[in-house]
Amino acid sequence: MTYQQTLHWMFERLPMFQRQGASAFKKNLDHIILLCDRLGNPQTAYKTIHVGGTNGKGSTSHMLASVLQEQGYKTGLHTSPHLKDFRERIRVDGHLADESFVVQFIEQQKAFIAQNQLSFFELTVGMAFQYFKEQKVDVAVIEVGLGGRLDSTNIITPILSVITNIGLDHTAILGDTLEAIAAEKAGVVKPNIPVVIGERQTETTSVFDAKAEAVEAEISYASDFDYPELKSELKGSYQFKNKKTVQRAVEVLNQCTELSISEESLVKGIEKVTTNTGLLGRWQIIQESNPKIVCDTGHNKEGLTYVMSQLAEEHYKELHIVLGVVSDKDLNSVLPLFPKHAIYYFSKPDVPRGLNSDELQQKAAAFSLEGKNFKKISEAFDAAKTAANAEDLIFIGGSTFVVAEII
C-alpha cells in the first residue's frame, strides 16, 4: 500500500475515539499489552515522561520536549489527536515520523491488528513506542490520550509523571465529578516515581495526595511555587499555568533523575516551542491584521474560559466567530462562555461525531448567540472573511476538528 492507502485503511477499519466517541474507548489495557509484547516491549528501551490532565497536557508535552531538545537529548514526542497529518502524533526532535515507517508497520502488523481488533489509538501508541526505539531516542514525552488509568499509554514506567489539572470533560467515560475524574487520571502515578501536579484544586488535591502516599511517590504542585514568567511562542494567556508546570517538572527531573537540564535550555525550550516541535492550534494567529484571524483548539468549559477571556482583551470593530462542536459536548456549560455581541457562523466539523450546524444554531440561540449556519467549516470561514472589515477580528474554534479544517 501507499502511505495514503495505509492511512485510509487505518481510518476506515479501526475504531477511533476522535471520530466515533465512547464506543471506540476500551476499558482495559489488554490489547496494548499484547501489541507491545509482540513488538518486544519497545517502550522499555528509553526513558519516558508521562503527561496527563484535562487541559494543557498537549502544550505541556510539547514544551517539555522542546526543553529536552534544547539540552541536546534526542527526544520522542507522542501526542493526540493530530490536526493535519497523522504523523503529528509521532515526532522525534520535532520531525514527523517517516511515511515509510508507518506503511511498513501496518503491513507487518495488519493481520495481528485485525485478529485482535485493536483500536486506532492502541495501534498508534504501539507504533510510536516502536518508532522511538528504532530512532534510538534518549527520552520520550508521552501524552495521555484519555483519562489515565486505562489509557493505552499507561503501560510505561516513566521517570516522571505530570498531571496538569482536572476539569469536567469526557464525563460519560471518566465520571461526572472532579474527584472521580482525578481518580482516573491519578492512574498514571507510579510506585516511587515522582509526580508533578500542575494545579492545586480543592476537589482533587486529596485524591492525588492519597494516591501518591499509597504508592510512595514524591508529589509536588507547580502552583505552590514561584517562577519567573518566561517568554514563549505560545501566545495564549492560559499558557502561564503550563509554563509553570514545565518549570517545576524540569526542577524535579534535575533533582530526581539522571537527566540534567540547564536554565538556558529551559528558557530557550519554552520560548521556541513551536519552532522546535511544530505545535499547532493554541491561540494561533493565522493572520495578523486586515482582519486579524485567530484560532484555538480549546473545547471544554475550563479551556474555553481562558480562551474567551483572552478574546475579550482583543481590540476590534466587529467580532466574527466560526463555531463548530462535537455532538457529545455539554453545550449548556460551554455556550454561555461565548460573547453575545459576536456574529456567528455555525457549521459541523467533518467527523462522524460532529454536531449538525442547524442544531448548534438552535441551541446557541437559547444563549443569545445569533448567526447563520453552513454545511462546511470552510464555507463558514469564507463567509466570515467576506463579511469582515479590516478592523474586525475572526475567531475559529469550539473543537479541535474545526481548527484542523482551517489551519
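Predicted model: local features only at pLDDT ≥ 70, side-chain atom pairs only at ≥ 80, totals over all residues.
1. Largest core. The largest nonpolar core has 37 residues, and the members touching the most others are M10, F86, I106, L123, M127, F129 and F132. At least two residues of this core come from each of α1 (3-13), α3 (30-39), β3 (90-92), α5 (99-116), α6 (120-134) and β5 (139-143). Helix α6 is the main contributor, giving nine residues.

2. Setting aside residues up to four places away in sequence, M10 touches F86, V102, I106, F120, L123, T124 and M127. Several of these names return in other points: F86 and F120, for example, form one aromatic cluster together with F11.

3. Second core. A separate nonpolar core holds 29 residues, including V67, Y73, I270 and L279.

4. T153. This residue sits in the loop between β5 and β6 (160-163). T153 counts as buried because its relative accessibility is 0%, and the limit for burial is under 20%. Beyond four places in sequence, T153 is in contact with H50, H78, F121, V125, F129, I142, E143 and V144. Of these, F129 is also listed among the residues of the largest core that touch the most other members.

5. Aromatic pairs. The whole structure contains 10 aromatic pairs. One of them joins F101 and F105, which are tilted, with 5.8 Å between centres and 40° between planes. The two residues are about one helical turn apart, because they are separated by four residues in helix α5.

6. F338 and Y344. Another aromatic pair is edge-to-face, formed by F338 and Y344, with centres 6.5 Å apart and planes at 75°. The pair counts as edge-to-face because the angle is over 60 degrees. F338 is buried at 3% relative accessibility, and Y344 is buried at 1%.

7. Charge over a ring. The charged end of R200 sits over the ring of Y221, at 4.1 Å from the ring centre.

8. Cysteines. How many disulfides does the model have? The count is zero. C256 is partly exposed, with 36% relative accessibility, whereas C295 is buried at 0%.

9. V403. Helix α17 (residues 400-406) contains V403, which is buried at 0% relative accessibility. V403 and V294 are separated by 109 residues in sequence, while their C-alpha atoms are 9.8 Å apart. With neighbours within four places left out, V403 is in contact with G281, C295, D296, T297, I396 and G397. The C295 in this list is the buried cysteine of the previous point.

10. T202. The loop between β7 (195-197) and α9 (205-214) holds T202. T202 counts as exposed because its relative accessible area is 77%, where the limit is over 50%. T202 and N154 are 48 residues apart in sequence, and 26 Å lies between their C-alpha atoms.

11. Cis peptide bonds. S80 and P81 are joined by a cis peptide bond with omega of about -10°. P81 lies in the loop between β2 (75-78) and β3. A cis peptide bond also joins N290 and P291, again with omega of about -10°. P291 is in the loop between β9 (284-287) and β10 (292-295).

12. Positive phi. E216 is not a glycine, yet its phi is positive, at about 55°. The residue lies in the loop between α9 and β8 (219-221), and E216 is exposed at 60% relative accessibility. S368, likewise not a glycine, has a positive phi of about 60°. Its place is the loop between α15 (357-365) and β13 (371-374). S368 counts as partly exposed, with 39% relative accessibility.

Technical notes: Residues numbered from 1 in each chain as written. Heavy atoms only, no water. Core = buried A, V, L, I, M, F, W, Y, C linked by side-chain atoms within 4.5 Å. Buried < 20%, exposed > 50% of the residue type's maximum accessible area, 1.4 Å probe, protein only. Contact = heavy atoms within 4.5 Å. Disulfide = S-S within 2.5 Å. Phe/Tyr/Trp six-rings, centres within 6.5 Å; stacked < 30°, edge-to-face > 60°. Lys NZ or Arg CZ within 6 Å of the ring centre and 35° of its normal.
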